[in-house]
Amino acid sequence: MFRVVLSGLNNVSRTIIRQNVKKAVPAAVVSSVKNYSSVQELDDEFDERYVDYFNREDIDGWEMRQAMNDIQAFDMVPHPNIINAALRACRRVNDFSASVRFLESVQYKCGNKKDEFWPYIQKEIQPALDELGLNTPEQLGYDKPELALKDVYEM
């Protein structure tokens, strides 16, 4: 008997809460939130912001990796200027592995257009790679898995 009364109270309280929640969010609040997303950053401003961020003298490893992670979250391939600045930041922080992983992530961001984008990017960043003494993932042998099995259809 007690269980029936409690389940009935539970159902009544849920409907009251749902009705009050719908009334609690005024339309003015929703429209003001939508207005915040109307500001668009230009591509050049975006590139300049990240280049300036990576060129900071006091950047540490955490900030550098955080910025690299933020760049990878965007639906775009980073501009070679950003890549050069990130590689120089890796050198200042003395983090070789971050530079290789960043180059690998840029290759991954190229997606199915890797044959078009990666040669251009590599041509643009090659002077910085030579200056910093870095190799591409292909030169390091990271383009092929070390312990990969042969494809059964190619045997």
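**Helix packing and the nonpolar core**

Reader: Which residues in H5 do Gly61, Met64, Met68 and Ile71 in H4 meet?
Author: In this predicted model, the contact is counted where heavy atoms lie within 4.5 Å. By that criterion, the four residues named in H4 meet five in H5, namely Ile82, Ala86, Ala89, Cys90 and Val93.

Reader: How are H4 and H5 oriented to each other, roughly parallel or roughly antiparallel?
Author: The axes of the two helices come within 10 Å and cross at roughly 155°, and H4 passes H5 in a left-handed crossing. Angles over 145 degrees count as roughly antiparallel. The orientation of H4 and H5 is therefore roughly antiparallel.

Reader: How many nonpolar residues are there in the contact of H4 with H5?
Author: The contact of H4 with H5 has no charged residues and 1 polar residue. The remaining class in this contact is the nonpolar one, and its count is 8.

Reader: Is Met64 buried or exposed, and what is its relative accessible area?
Author: Met64 lies in helix H4, and it touches Phe54, Ile59, Ala89, Cys90, Val93, Asp95 and Ala98 when residues up to four places away in sequence are not counted. The C-alpha atoms of Met64 and Phe54 are separated by 6.9 Å, although the two residues are 10 apart along the chain. A residue counts as buried under 20% relative accessible area. Met64 is buried, because its relative accessible area is 0%.

Reader: Which residues have the most contacts inside the largest nonpolar core?
Author: In soluble globular proteins, nonpolar side chains tend to be buried together. Here the largest nonpolar core has 27 residues, and those with the most contacts inside it are Phe54, Met64 and Ile83.

Reader: Which element gives the largest share of this core?
Author: Two or more residues come from each of helix H3 (43-54), helix H4 (61-73), H5, H6 and helix H7 (114-132). The largest share among these, 7 residues, comes from H5.

Reader: How are H3 and H5 oriented, roughly parallel or roughly antiparallel?
Author: Phe46, Asp47, Tyr50, Val51 and Phe54 in H3 meet Asn81, Ile82, Ala85, Ala86, Ala89 and Arg92 in H5, a contact with 8 nonpolar, 1 polar and 2 charged residues. The two helices pack at an angle of about 10°, with their axes 8 Å apart. Angles under 35 degrees count as roughly parallel. H3 and H5 are therefore roughly parallel.

Reader: What is the handedness of the crossing of H5 and H6?
Author: The axes of helix H5 (residues 80-93) and helix H6 (residues 96-110) come within 9 Å and cross at roughly 160°, and the two helices are therefore roughly antiparallel to each other. The crossing of H5 and H6 is right-handed.

Reader: Which residues of H6 make the contact with H5?
Author: By class, this contact has 8 nonpolar, 1 polar and no charged residues. From H5 it draws on Ile83, Ala86, Leu87 and Cys90, whereas H6 contributes Ala98, Ser99, Phe102, Leu103 and Val106.

How values were computed:
Residues are numbered from 1 along each chain as its sequence is written. This is a predicted model: local features need pLDDT of at least 70, side-chain atom pairs count only at pLDDT 80 or more; totals for chains, interfaces and linings use all residues. Side-chain values use heavy atoms; hydrogens and water are left out. Axes are lines fitted to C-alpha atoms, for helices over the stretch in contact, and angles run from 0 to 180 degrees between N-to-C directions. Angles under 35 degrees count as roughly parallel, over 145 as roughly antiparallel, 65 to 115 as roughly perpendicular and the rest as oblique. A crossing is left-handed if the near helix is turned anticlockwise from the far one by less than a right angle, and right-handed if clockwise. Ala, Val, Leu, Ile, Met, Phe, Trp, Tyr, Cys and Pro count as nonpolar, Asp, Glu, Lys and Arg as charged, and the others, Gly among them, as polar. A nonpolar core is a set of buried Ala, Val, Leu, Ile, Met, Phe, Trp, Tyr and Cys residues joined through side-chain atoms within 4.5 Å. Buried means under 20% relative accessible area, exposed over 50%, partly exposed in between (1.4 Å probe, protein chains only).
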